[in-house]
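The entries follow the order in which I looked things up.

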Amino acid sequence: MQQKIRVMVVDDSLVFRTWLVQSLSADPRFEVVGYAINAIDAKNKLPILKPDIMTLDIEMPGMTGLEFLKEVLPSHPVPVILVSSLNVRVFDALAAGAVDFVRKPEEGQKEVFIRSLKAKLAIGSNARVRLPQQAQAVLPRTTASVPHFSGTPANINTSAVDLIAIGASTGGTEAILDVVRHFPARMPGIVITQHMPPGFTAMYAERLNRICKLEVKEAKHGDKVQPGLILLAPGGLQMRVVRMGAGYSVSCTAEEKVSGHQPSVDVLFTSVAANVKNRAIGVILTGMGADGAAGMLRMRKAGAYTIGQDRESCVVYGMPMEAYKIGAVCQQASLLNIPQLVMARLAK
């Protein structure tokens with residue numbers, strides 16, 4: 001018999017906490033080993049309960065969820081799934097080491113919410129907790145096979161590459177940031193699909209825009225792909241790259257989920273394979289499941305250069321693993337080495 005996943009629930013709302021405990025306890029995969037009514041209560045109970053994973057509200061009286069993560073995670077690196085309303089502090093909490101997040105349900109959305117939370121708890125219980133200081137110190141498995149880019153932005157040749165497509169899921173908000181923050185402003189257009197619900201993608205784009213040298217915005221239907229600009233797929237829509245005269249634009253449309261996601265990396269990568277062909281670079285980063293693997297294989301077969309994040313630097317080695325297994329990845333690299341692989345490719 002498979003061992004149950006030991007879950008600890010942390011939420012200051014009695015009604016929501018009780019419902020959450022009951023819903024998780026009813027699933028044979030999980031054992032709720034305890035709950036906490038606030039972050040201070042959680043801090044005291046965590047060493048005693050020793051859960052495999054915990055759910056954490058961000059906004060709580062006294063110590064916030066973010067303060068809890070910064071103070072407790074370094075000494076007790078337990079995977080954490082955030083349960084939050086639409087709040088920009090989610091991204092600070094992910095930067096502090098939380099594995100993933102689920103948006104708190106509105107009326108009539110509880111079934112969708114609990115399904116999503118259970119899926120993230122099941123995968124997240126085996127996730128690698130990535131603390132901020134470790135993020136900068138992920139050692140590359142091998143440096144011999146990674147071409148070193150020692151040039152300046154002036155060495156970048158954008159004539160051979162029309163765009164760069166990036167896909168990610170669990171752990172991706174920080175992984176994407178770690179890649180694109182190293183890019184100079186003079187880069188080919190970049191399109192990104194990160195699994196994220198509506199509302200959060202706009203806030204995430206704003207966060208990237210504050211930190212990166214490139215301009216970053218949540219994509220709108222018809223936006224042109226252009227150098228120096230990153231377009232982020234909006235939550236709840238499917239984003240594709242389409243031909244527009246001599247260049248490209250994006251279409252963002254309300255459609256069914258593909259590979260279980262909306263936006264889907266497979267949808268983006270498949271459109272890049274069909275329209276950009278060998279004039280693209282594809283990057284698949286940390287995430288659960290297989291979304292993006294089939295699309296990346298199409299990209300590689302169309303002549304694109306494809307990169308997959310390696311196991312050691314992933315929070316969840318799911319999507320990159322599936323892409324690697326089917327031969328979709330030209331080269332695997334650590335998170336630290338991916339920017340320099342891209343830059344070296346552009347300098348050729």
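**Pocket entries**

I looked up the largest pocket and found 35 lining residues, with Val112, Ser116, Lys120, Pro197 and Lys257 nearest its centre. Strand 5 (100-103), helix 5 (110-124) and helix 7 (172-180) are the elements that each give two or more residues to this lining. Helix 5 gives the most, with seven residues. I took a pocket as an open set of points on a 1 Å grid over the protein atoms alone, where a 1.4 Å probe fits, with protein on both sides within 12 Å along at least five of seven lines; lining residues have an atom within 4 Å of a point. Helices (H or I, at least four residues) and strands (E, at least two) are DSSP runs numbered from the N terminus.

I noted a volume of about 1,000 Å³ for the largest pocket, a volume being the space filled by probe spheres set on the points.

The model is predicted: local features need pLDDT of at least 70, side-chain atom pairs count only at pLDDT 80 or more, and totals for chains, interfaces and linings use all residues. Residues are numbered from 1 along each chain as its sequence is written, and side-chain values use heavy atoms, with hydrogens and water left out.

I then turned to the second largest pocket, whose volume is about 270 Å³. Eleven residues line this pocket, and Gln2, Gln3, Lys4, Ile5 and Arg29 are the closest to its centre.

**Fold entries**

I counted twelve helices and 15 strands in the protein. The C-alpha trace spans about 60 × 45 × 40 Å along its principal axes.
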